[in-house]
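The sequence and structure come first.

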Amino acid sequence: MPRLSPFRGLRYDPLVIHLNQVIAPPYDVIEPSDRTRLATRSSFNSVHLELPDPDLRAGLDRYQVAARLLAAWRNDGILVLDDRPAYYLYRMTDGTQTTLGVIGALGLPEPDEEDQVLPHEETLPKPRSDRLDLLTATEANLSPIWGLSMTHGLSSVLAPEGEPDIDVHDDDGVRHELWVAAEHRVRAITEAVAQAPVVIADGHHRYETARAYQRQVREQRGNAPGGHDWVMALIVELSEDQLSVGPIHRVISGLGPKSDLVGVFSEWFDVVRAGDGTDRVAAALGEAASLAVVTNDDAWLLTPRPEAYDAANSDLDSSLVALAIDGLAGVQTSHRHSWQDAIASVRSGEAQAAVLLRPPTVAQISAWARDRRRMPPKTTYFSPKPRTGMVFRPLED
């Protein structure tokens, strides 16, 4: 079963640093403009570690810069290492939605332990050298992967006590609270997580990077155990009460003048015109979490046919929509995390059509995980996102 362990966290000293100035979203959702804004906000913002700039004057590449900054911040007391290994209870509150989890060190499974940690999505090809080079240089987990525990009732085991050690709001108004769990709670948390597999919700590439780093260290230093055998993870119960799951929409470009968008979708869906492709109609479809296609001129509702489920061998919109998109020769598909961004891509001319998907359910995620099946790439979008900078995990400690 999964191994979760407390660790000595490296945290900003709240007497020196205002926490709302230094937290940042996960690196892979930060746009260049966001990076500039965060970096300007504070010279100690965690984005300087996660997405460092090279120092051409000093002849340092971006990874050497991150390593030097991390060491300097520790030396100058900006970051302080906790006195003891601990679990970090972490609660995110976005309006009425609350997500409670625990940040700990998740053991990387050996080849005969693969059922302990289950990736839930296939991943698109993506260079991994960037994150591996950063991990190698800093020897630290800078942001947690997000794991979903299949242990029923884990949330009650994680209920925090007293006032939080960190209480901060992000730029989206989400409240982030962190508690350093008391030592007497370590055993109960460890045993609860060990009862059932953990499904990776977010951070697949960081998880694979951690495994690549583990192999790299073992090749260089042998198989002696160490910090490289673990990865920092936020573990949350796989439960409707704890999760907000959204879809990832598709936008299509490269349609030729003879492309029959409606005809291709009609092979797998009952297609009903919902109206003109106006902002009002698009907003109504988006707010209603409809399965739909929207262009500048028209909007259509999609209802999957039984043969589509059979052909896709899937009950997921991402699989069903892929059947139709595969029938459009020469098009390019990209992804948007909100229906507003998908429609904006059409309005700007960046895309010719937006395909709005419905969110997967927690029941679907659970069923696919229990069947040891991976969902198609870019099927789920979990929110809110844990902030980088709440706690770091040095590998040597």
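Helices (H or I, at least four residues) and strands (E, at least two) are DSSP runs, numbered from the N terminus. The model is predicted, so local features need pLDDT of at least 70 and side-chain atom pairs count only at pLDDT 80 or more, while totals for chains, interfaces and linings use all residues. Residues are numbered from 1 along each chain as its sequence is written, and side-chain values use heavy atoms, with hydrogens and water left out.

**Backbone details**

Pro-384 lies in the loop between β20 (381-383) and β21 (393-394). The peptide bond that leads from Ser-383 to Pro-384 is cis, with omega near -5°. Ala-289 sits in the loop between α9 and β16 (292-294). Although Ala-289 is not a glycine, its phi is positive, at about 55°.

**Helix packing**

Two packed helices are described by the angle between their axes and the distance between the axes. Axes here are lines fitted to C-alpha atoms, for helices over the stretch in contact, and angles run from 0 to 180 degrees between N-to-C directions.

| Helix pair | Angle | Axis distance |
|---|---|---|
| α3 (residues 62-75) and α4 | roughly 35° | within 8 Å |
| α4 and α7 | about 55° | 9 Å |
| α9 (residues 279-287) and α12 (residues 339-348) | about 150° | 10 Å |

Orientation follows set ranges: angles under 35 degrees count as roughly parallel, over 145 as roughly antiparallel, 65 to 115 as roughly perpendicular and the rest as oblique. Helices α9 and α12 pack at about 150°, which makes α9 roughly antiparallel to α12. The contact (heavy atoms within 4.5 Å) joins Asp-279, Ala-282, Ala-283, Gly-286 and Glu-287 of α9 to Trp-339, Ile-343 and Arg-347 of α12. By class, these residues are four nonpolar, one polar and three charged. In this scheme Ala, Val, Leu, Ile, Met, Phe, Trp, Tyr, Cys and Pro count as nonpolar, Asp, Glu, Lys and Arg as charged, and the others, Gly among them, as polar.

Helix α4 takes part in two of the tabulated pairs, with α3 and with α7. Towards α3, the α4 residues Asp-130, Asp-133, Leu-134, Ala-137 and Thr-138 meet Arg-62, Tyr-63, Ala-66, Ala-67 and Leu-70. This contact of α3 with α4 has six nonpolar, one polar and three charged residues. Towards α7, the α4 residues Arg-131, Leu-132, Leu-135 and Thr-136 meet Thr-209, Ala-210, Ala-212, Tyr-213 and Gln-216. Five nonpolar, three polar and one charged residue make up the contact of α4 with α7. The two helices α4 and α7 are therefore oblique to each other.

**Cavities and a pocket**

Rolling a probe the size of a water molecule over the atoms shows where empty space is left. On a 1 Å grid over the protein atoms alone, a cavity is a set of points where a 1.4 Å probe fits but cannot get out, and a pocket is an open set with protein on both sides within 12 Å along at least five of seven lines; lining residues have an atom within 4 Å of a point. Grid points are joined across faces, edges and corners, and a volume is the space filled by probe spheres set on the points.

There are three cavities of 30 Å³ or more in the structure. The largest cavity has a volume of about 170 Å³. It is lined by 14 residues, of which Leu-135, Ala-140, Asn-141, Leu-142 and Arg-206 are the closest to its centre. Elements that give two or more residues to this lining are α4 (129-138), β7 (140-141), α7 (204-221) and β12 (230-237). The lining of the largest cavity divides into eight nonpolar, three polar and three charged residues.

The second largest cavity holds about 60 Å³. Its lining consists of Pro-26, Ser-143, Pro-144, Trp-146, Asp-202, Arg-206, Pro-386, Arg-387 and Thr-388, with four nonpolar, two polar and three charged residues.

The second largest pocket has a volume of about 200 Å³. Among its lining residues are Arg-11, Tyr-12, Asp-13, Asp-165, Ile-166 and Asp-167. Strands β2 (10-12) and β9 (166-169) are the elements that give two or more residues to the lining of this pocket. Five nonpolar, two polar and five charged residues form that lining.
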